[in-house]
Amino acid sequence: MTVAVVTGAGRGMGRSCVEKLRGLTEHLVAVDLVAPEIEGTIGLACDVSDPAAIATLVERVDALGPFRALAHVAGISPTMADSRRIFDVDLVATQRLLDAFEPLVVPGSAAVCFSSLAAYQIAPFADPALDSVIDEPLAADFLDRISGLVTDSGYAYGLAKRGVVRASARAAVRWGTRGGRVNSLAPGIIDTPMGRQELEQQPVMRTMLEQVPLGRLGGAGEVAAVAAFLLSDDASFVSGIDVLVDGALVPGMASAG
Ligand SMILES: NC(=O)c1ccc[n+]([C@@H]2O[C@H](COP(=O)([O-])OP(=O)(O)OC[C@H]3O[C@@H](n4cnc5c(N)ncnc54)[C@H](O)[C@@H]3O)[C@@H](O)[C@H]2O)c1
């Protein structure tokens, strides 16, 4: 009885991933801060920034059956918290989940971790010194160090998601030796409660939306479909990459100057 897990399953793209992953496995575990009640799934309450809660989640998955898929979608955005909390939820938790699931990996297991368009926006300003800090998110002093260096929540979000891309690529190397795959997925501006909140509270987001060549927000289902592909056996040789699902916004911004 194989098992798939979706974090952030209560709403937005996580909720859409639950729908797109139906049928992949016998058990589908839907995780969020409050246990989601979704027909045909096992709902679990788990704050992904709580190491003990992650340990309990992994134990539960292990008891249900062979681990097949993890869609790690849970995250918070710049208008939701300060830089320290953003690094904790978006980056530290991702590293902890990838590490915690690693012993469960069997041939065919796969993970997709949600990064962001924001990782591409900060790429031109990448700083090797900061990269070396974000590449060790489980260091004892990580949150003190990084939140001292980066106080702007928007930059923290981009940097944390850059860390997610890099953590996923590193995990792909380790999981690969057990026959497992890891990729990250970078959504553009997507029509979810988070996407709407950022559009309402950050005027720059509306300017960016005007630069999307496809001329619209992305749908949560359009992103979840790509996540489901990355987790499927059709993607059996795709590992260690970040897939940008943004309606060509990144090249659109580059050409807008
Ligand atoms: N919406 C966008 O435009 C957009 C763009 C780029 C990247 N992303 C990323 O995509 C992912 C999904 O975004 P969304 O728009 O669906 O967000 P959302 O806010 O609509 O939903 C996120 C879900 O994650 C859950 N969550 C938050 N913190 C959690 C925690 N500590 N533990 C467990 N669950 C937690 C929330 O309760 C919520 O149900 C996030 O990682 C986000 O950073 C979103």
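Predicted model: local features only at pLDDT ≥ 70, side-chain atom pairs only at ≥ 80, totals over all residues.

Student: How many helices and strands does the protein chain have?

Tutor: Eleven helices and nine strands. Those are DSSP runs (H or I, at least four residues, for helices; E, at least two, for strands), numbered from the N terminus. The radius of gyration is 17 Å, close to the 18 Å from the globule rule for 257 residues, so the chain is as compact as a globular protein of that length. That radius is taken over C-alpha atoms, and the rule is 2.2 Å times the number of residues to the power 0.38.

Student: Which strands make up the open sheet, and in what order?

Tutor: Seven of them, ordered S3-S2-S1-S4-S5-S6-S9, with parallel pairing. Strands pair if DSSP finds at least two bridges between them. S3 (42-45) and S9 sit at the edges with a single partner strand each, so one side of each has no neighbour in the sheet.

Student: How many bridges hold S9 to S6?

Tutor: Four bridges join S6 (residues 181-187) to S9, and the two run parallel. Leu185 has Val243 as its bridge partner in S9.

Student: And S1 with S2, how many bridges there?

Tutor: Five, between S1 (residues 3-7) and S2 (residues 27-32), again in the parallel sense. Val5 is bridged to Val29 in S2.

Student: Back to S9: which residues are on its covered face?

Tutor: Asp242 and Leu244 are on the covered face of S9 (residues 242-245), and Val243 and Val245 are on the uncovered one. In a regular strand, side chains alternate between the two faces of the sheet.

Student: New topic. Which residues are closest to the ligand?

Tutor: Gly8, Gly12, Gly75, Thr192 and Gly195 are the closest of the 28 residues that surround the ligand. A residue is near if its C-beta atom, placed from the backbone, lies within 6 Å.

Student: Which elements give two or more residues to that shell?

Tutor: Helix H1 (12-21) and helix H8 (193-201).

Technical notes: Residues numbered from 1 in each chain as written. Buried ≥ 20, exposed ≤ 12 C-beta atoms within 10 Å, placed from the backbone.
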